[in-house]
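Good morning, colleagues. Please look at the model on the screen while I go through its helices, its cores and its backbone exceptions.

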Amino acid sequence: DGSLVNLVCDEIMSRELTEVAYIAGTEAVLEAALAYAPDITRCCLSAQTTPESQIDLAVRYACKRLQFSRKVTAEAAAKAEEAGLIRNLFWSDDLEDARAYVEMGIDVVLTNRANVLSDL
């Protein structure tokens with residue numbers, strides 16, 4: 001019913017975290033967040049296995065970010081950039097692997113090994 005999304009949005013706003021926090025989730029989460037707190041940044045996690053569809057959903061829900069899976073292509077990364085989206089990758093723990101995704105156009109690489117990727 002969106003009550004949990006609303007609670008998280010309230011916490012983000014009350015703690016003045018709108019510059020650093022965002023709501024990430026599926027279509028239902030994005031729809032609830034857009035309706036309740038349109039000024040809080042959203043990140044699309046839906047349709048990660050089909051990057052083209054994911055970009056369309058991110059645009060539909062006025063997201064500023066999306067989180068690609070490792071199935072992302074250079075073409076999808078370019079299309080997301082054209083749409084003005086910040087492109088996250090879930091995930092890479094290897095420096096050369098992460099570098100290849102950054103060279104492809106990924107903006108943020110989620111990792112368990114930030115110490116390894118810090119030079120990137």
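L7 lies in helix α1, residues 3-14; helices here are DSSP runs of H or I with at least four residues, strands are runs of E with at least two, and both are numbered from the N terminus. Please note that this is a predicted model, in which local features need pLDDT of at least 70, side-chain atom pairs count only at pLDDT 80 or more, and totals for chains, interfaces and linings use all residues. Residues are numbered from 1 along each chain as its sequence is written, and side-chain values use heavy atoms, without hydrogens and water.

L7 counts as partly exposed because its relative accessibility is 49%; buried means under 20% relative accessible area, exposed over 50%, and partly exposed in between, with a 1.4 Å probe and protein chains only.

Let us turn to helix α2. Which of its residues are buried? In α2, residues 27-36, they are L30, A32 and A33. These residues cover an arc of only 165° around the axis, so they are on the same side of α2; the arc is that of the directions from the helix axis to the C-beta atoms. On the other side of α2, A28 and A35 are exposed. The cover over the buried residues of α2 includes α1, β1 (23-25) and β2 (42-44).

Next, the interior. A nonpolar core is a set of buried Ala, Val, Leu, Ile, Met, Phe, Trp, Tyr and Cys residues joined through side-chain atoms within 4.5 Å. The largest has 19 residues, of which C44, I55, L66, F68, V72 and I106 touch the most other members. At least two residues of this core come from each of α3, β3 (65-68), α4 (74-82) and α5 (95-104), and α3 gives the most, with three. A second, separate core has eight residues, including V5, I23, A33 and I40.

In the loop between β2 and α3 (51-60) we find S46, which counts as buried because its relative accessibility is 9%. Leaving aside neighbours within four places in sequence, S46 is in contact (heavy atoms within 4.5 Å) with G25, T26, E27, Q54 and L57.

Finally, the backbone. Most residues other than glycine have a negative phi, and most peptide bonds are trans. A47, in the loop between β2 and α3, has a positive phi of about 60°. A62, in the loop between α3 and β3, has a positive phi near 50°. The peptide bond from F90 to W91 is cis, with omega near 20°, and W91 is in the loop between β4 (86-90) and α5.
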